Amino acid sequence: MNQPPVRKVVIAGGGTAGWMAAAALSRQLGPLLDITLVESEDIGTVGVGESTIPTARTFNALLGIDEAAFMRATQATFKLGILFENWGQVGDRYIHSFGQVGKSTWMGGFHHFWLEARAGGFGGDLGDYCLELRAAEQERFSAGDDPRLNYAYHLDAGLYGQFLRRMAEAAGARRVEGKIASVRQRGADGHVEALVMESGAVVEGDLFIDCTGFRGLLIEQTLKAGYEDWSHWLPTNSALAVQTRSIGPAVPYTRAIAHRAGWRWKIPLQHRVGNGLVYCSDHMSDDEAQAMLAAEIEGETLIPPRLIRYRTGKRRKTWDQNVVALGLASGFVEPLESTSIHMIMIGISRLMQLFPFDGISPAVVERYNRLADDELEKIRDFIILHYKLTERTDSPFWDRVREMEIPDSLAQRIALFRESGHLFQAPGELFQVDSWLQVMLGQRLEPRGHHGMGRLMPPAQLKQALDDLKANIARAVARLPPHQAFLDDYCAPLSKS
Ligand code: FAD
């Protein structure tokens with residue numbers, strides 16, 4: 001059947017995914033499309049998702065967003081990485097920063113020089129060679145050019161949605177308030193034709209973007225695209241989220257603190273702190289989680305904790321017929337490395353690149369789905385890594401994840417690093433070698449060997465080169481202001497913007 005051209009785009013759902021899609025499509029393709037977003041204030045949004053990775057800046061740049069205005073509007077802070085606590089063993093701490101570690105050569109990564117130095121009894125801490133890592137540790141930050149840091153944001157998800165909504169509406173997107181009561185499909189092939197609202201209003205479209213969150217109203221409840229369950233690798237399935245008043249300067253990193261049945265996040269914003277307890281209900285009851293969260297959070301609670309249930313995995317097809325799922329409707333890997341907002345952004349940019357103006361073709365759908373699957377599977381492996389490499393033996397949860405079978409793709413990477421120190425970034429993969437390195441070493445995976453290139457230098461020369469690099473980084477970090485001071489200045493109402 002010939003597919004009709006696509007002009008009317010209907011976005012179902014107005015959480016982060018829906019408004020990101022509406023803002024990007026209306027700003028980039030507005031004159032060619034008619035964009036409507038449908039959302040229900042009664043249903044509301046998931047209300048979490050406040051830690052990002054540096055690609056958030058790419059998205060902002062794409063939309064022509066002024067950074068200081070964005071930071072003020074969303075009460076954002078800067079993020080240089082994640083501090084992982086208690087993951088390898090109880091008491092361990094390491095930072096996975098967004099930075100590069102040393103300078104790599106075409107033959108191999110910098111860490112081979114460092115491993116050579118360490119074998120010789122010098123070389124120090126890997127963090128000595130990473131600007132972002134040391135800046136995060138010392139809670140220093142600048143968005144300037146000297147030194148230039150690779151960074152992301154912590155933001156208020158509700159305020160971010162409102163910010164994007166203003167942009168989208170200014171660019172011509174139309175908003176319809178109310179509950180979607182049913183979805184009307186075309187008889188011939190089941191394509192979605194319209195959303196029927198509780199009010200009786202009908203919102204027709206050519207292409208539908210399902211941003212209805214975990215319920216996947218179009219992609220799953222209507223089209224039954226199916227779900228690939230990853231809970232045997234990523235068994236957490238519950239989160240309790242609570243906001244507290246800030247009680248000190250905002251740190252430029254997210255905290256991910258492991259506990260006996262999962263982990264806890266702490267995300268500093270300008271006006272409050274986001275906290276959450278992620279756990280596996282096989283190993284911790286909701287009451288126990290509630291008590292643990294209450295005992296561990298600091299500062300006055302601003303709203304009572306909210307319980308969120310999820311199942312890790314992904315839709316078998318993120319684009320099915322004329323429905324593209326974004327955000328939680330497309331699946332959920334778990335929030336450990338703050339990748340969901342990134343996946344929304346990548347989904348939107350991919351959709352714009354492959355946009356089916358002249359009608360949806362199976363080849364385009366196939367291409368979109370393949371790219372989405374490939375990227376998500378690599379992210380999944382990276383997240384499983386954090387669990388699999390634990391040395392904790394203090395609870396059934398950690399025994400379970402330490403002993404679980406893992407995907408072959410990940411097992412091979414772990415073996416490669418363990419035996420030879422080699423790492424790689426696969427084509428289309430989000431996480432770079434520096435990320436794998438920081439997490440593998442942070443989780444106590446010690447390579448038995450490394451590339452011999454470090455031995456091309458006499459030890460004294462290698463030591464001098466490493467000392468120089470370390471001193472340069474220490475000097476650059478010392479020039480940075482404290483993160484909170486920079487933030488106060490950058491976001492002051494009358495500051496440059
Ligand atoms: P939602 O926010 O659930 O929005 C769904 C929308 O659909 C709402 O507007 C709702 O009103 C509408 N809707 C649903 N049904 C109907 C209906 N029948 N009629 C009309 N409207 C309807 N991501 C990150 O990048 N970083 C993080 O740190 C992070 N932490 C997370 C922590 C947890 C515990 C969880 C669960 C997720 C986290 N995420 C994180 C993921 C992130 O929250 C989501 O990717 C993001 O918020 C997008 O959500 P959404 O827009 O897909 O869904």
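Keep in mind that the model is predicted. The sheet is an open one of 6 strands with mixed pairing, and helix α1 packs on it. Helix α1 also crosses helix α8 at roughly 35°. As for nonpolar cores, the largest has 143 residues.

**The sheet**

- Reading across, the strand order is β7-β2-β1-β11-β20-β19.
- The edges belong to β7 (174-177) and β19 (319-320); each has a single partner strand, so one side of each has no neighbour in the sheet.
- Helix α1 sits against this sheet and touches β1 (8-12), β2 (34-39), β7 and β11. The direction of α1 makes about 165° with that of β2.
- Further along the order, β11 (residues 207-210) and β20 (residues 323-325) run parallel and pair over 3 bridges. For I209, the bridge partner in β20 is V324.

**Helix α1 against helix α8**

- Helix α1 covers residues 16-29 and helix α8 covers residues 340-353; their axes come within 10 Å.
- The crossing of α1 past α8 is right-handed.
- On the α1 side, the contact is made by T16, A17, M20, A21, A24, L25, Q28 and L29. From α8 come I341, I344, M345, I348 and M352.
- Sorted by class, this contact has 11 nonpolar and 2 polar residues, and no charged ones.

**Nonpolar cores**

- Within the largest core, W87 and Y387 are the residues with the most contacts.
- A separate core of 19 residues lies apart from that one, and its members include L195, L218, I219 and A225.

- R413 is placed in helix α11. With a relative accessible area of 8%, R413 is buried, because the cut-off for buried is under 20%.
- Setting aside residues up to four places away in sequence, R413 touches F424, A426, E429, W436 and M440.
- A415 is also in α11, which spans residues 408-420. At 28% relative accessibility A415 counts as partly exposed, because that value falls between the 20% and 50% cut-offs.
- Between A415 and C130 there are 25 Å in space, C-alpha to C-alpha, and the two are 285 residues apart in sequence.

Definitions and conventions. Residues are numbered from 1 along each chain as its sequence is written. This is a predicted model: local features need pLDDT of at least 70, side-chain atom pairs count only at pLDDT 80 or more; totals for chains, interfaces and linings use all residues. Side-chain values use heavy atoms; hydrogens and water are left out. Axes are lines fitted to C-alpha atoms, for helices over the stretch in contact, and angles run from 0 to 180 degrees between N-to-C directions. Helices (H or I, at least four residues) and strands (E, at least two) are DSSP runs, numbered from the N terminus. A crossing is left-handed if the near helix is turned anticlockwise from the far one by less than a right angle, and right-handed if clockwise. Contact means heavy atoms within 4.5 Å. Ala, Val, Leu, Ile, Met, Phe, Trp, Tyr, Cys and Pro count as nonpolar, Asp, Glu, Lys and Arg as charged, and the others, Gly among them, as polar. Two strands pair if DSSP finds at least two bridges between them. Buried means under 20% relative accessible area, exposed over 50%, partly exposed in between (1.4 Å probe, protein chains only). A nonpolar core is a set of buried Ala, Val, Leu, Ile, Met, Phe, Trp, Tyr and Cys residues joined through side-chain atoms within 4.5 Å.
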